[in-house]
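Biologist: I'm new to this one. Could you walk me through a few spots, one at a time?

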Amino acid sequence: MSTLLLRGGHLIDPAQRNDAPADIVLREGRVAEIAAPGATKIAPESAADQTLELKGLIVAPGFIDLHVHLREPGQTHKENIATGTAAAAAGGFTSVCAMPNTRPINDSPALTRWMQDEERGAVVNVFPIAAATLGSQGEKLSNYRELKEAGAVALSDDGRPILDDHIMREALALAARVGLTVIQHAEDTRISHGNPMNEGVTSFKLGLRGQPPAAEWQMVERDIRLASQEGGRLHVAHVSTAKSLERIRLGRAAQVQVTAEVTPHHFLFTEEACLTYDTRYKMNPPLRSAADRDAMLAALADGAIDAIATDHAPHALYEKEVEFDKAAFGITGLEIALAAAATALHHTGKITLTRLVELLSTNPAKIVELRGRGTLAVGSVADVTIFDPKKLWNYDVKNTRSRSRNCPYDGMRFQGKVRATIVAGKIVFSEL
């Protein structure tokens, strides 16, 4: 049996209320033992096939990204499953949930299975999110039961929000019956019109059309109302406005099953980053006001936000190095999520490391029901993220494992770095 000993690290596992030094034994892809330092049953040391010395490092259940665009099939000039998951491993993610806006759209059990095939060369776990409607056209529901049996963990028409009330109501009701969460990109495109940035003083200065915040929060309000009526599970993707958060808080107070995520770029940057027409700051939803950004930070601290997700959206250079209003929406971000959260949230005193692990692992596992993940309880899957919360470093996009370079984090200084990523007991990334 293959045995890996993680020795001398500090275990943080919110699901088990563990926050203490511990030695951990991984055997045959599972967590076999957790013990006080030096007290594991596999002494002497030679009984382990490999030992990692982790003094000064945090050992956490593997991070899970709920929102990733791997671009395969159909757009491999931007990214493929192998390169995208390599970037994920470098960022500490042991699992990624892949959005369905591939070419063709992932609305079939066959494509859902294809994405998970070993031939794709994935370095970490890939859990497909299937299209909620056929072709993501918002007109006819996909076959939810068959998609779930094929491995889909949630449903979404991400990037093409479901506008029709009747279709969204049906989606929530059917998803509830088969036990899946509906993830909504909350944008009323009849209001936003695909405009390139947030509507406000900055867009006026730049002479660019803006997306009103109402395009997001009104959709959130509608979806929560429908989820309340149908009893479905709703997850709001990449929340970016304070008013959306107000609606989410009200929904929870009314016992609606609604969860939400925020991206690193929406708690790091504001719309003013667009003042130089730098397309690396063009994403959808767009960067918002300072007040909206501050609301994201507060919600991450008080629990209104459940998860941090990257919305990793790689693009070829020719798709970004054009006029701002013509550039593609989206940025890469898998490799810096932990660093961004540690720097902007933990080291500023806004959240504890326990809360950080909740946002990146514990809660994402609950939202899409990845049983045996999001925890390092004995018997759980041996997906582990090891990081140094104090490490100072500069991000250099030239060293990215992603196929694309459309990243606003290039040159930024962070405090907090992933040191190793373990998937099913196998080391898939290491800087130890």
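This is a predicted model: local features need pLDDT of at least 70, side-chain atom pairs count only at pLDDT 80 or more; totals for chains, interfaces and linings use all residues.

Biologist: Is Asp-223 buried or exposed?
Modeller: The cut-off for buried is under 20% relative accessible area. Asp-223 has 2% relative accessibility, so Asp-223 is buried.

Biologist: Which part of the chain holds Asp-306, the partner of Arg-252?
Modeller: Arg-252 and Asp-306 form a salt bridge, 2.1 Å from N to O. Arg-252 sits in helix α8 (residues 242-253), and the pair ties together parts 54 residues apart in sequence. Asp-306 itself lies in the loop between α10 (290-302) and β15.

Biologist: And is Arg-252 buried, partly exposed or exposed?
Modeller: Buried needs under 20% and exposed needs over 50%, with partly exposed in between. Asp-306, at 13%, is buried. Arg-252 has a relative accessible area of 24%, so the label there is partly exposed.

Biologist: How many salt bridges are there by this rule?
Modeller: Here's one more example: Asp-396 pairs with Lys-398, their closest N and O atoms being 3.3 Å apart. In that pair Asp-396 is partly exposed at 27%, while Lys-398 is exposed at 63%. Some salt bridges share partners, and those join Asp-165, Arg-222, Asp-223 and Arg-225 into one network. The count comes to 21.

Biologist: How many charged residues are in the contact of α7 with α8?
Modeller: On the α7 side you'll find Glu-216, Trp-217, Val-220, Glu-221 and Ile-224, and they meet Lys-243, Ser-244, Arg-247, Ile-248 and Gly-251 in α8. By class, the contact has four nonpolar and two polar residues, and the number of charged ones is four.

Biologist: Last one: is His-312 buried or exposed?
Modeller: His-312 is in the loop between β15 (307-308) and α11 (317-320). Not counting residues up to four places away in sequence, His-312 touches several others, including His-67, His-69, Glu-79 and Ser-402. With 1% relative accessibility, His-312 counts as buried.

Note on methods. Residues are numbered from 1 along each chain as its sequence is written. Side-chain values use heavy atoms; hydrogens and water are left out. Helices (H or I, at least four residues) and strands (E, at least two) are DSSP runs, numbered from the N terminus. Buried means under 20% relative accessible area, exposed over 50%, partly exposed in between (1.4 Å probe, protein chains only). Contact means heavy atoms within 4.5 Å. A salt bridge is a side-chain nitrogen of Lys or Arg within 4 Å of a carboxyl oxygen of Asp or Glu. Ala, Val, Leu, Ile, Met, Phe, Trp, Tyr, Cys and Pro count as nonpolar, Asp, Glu, Lys and Arg as charged, and the others, Gly among them, as polar.
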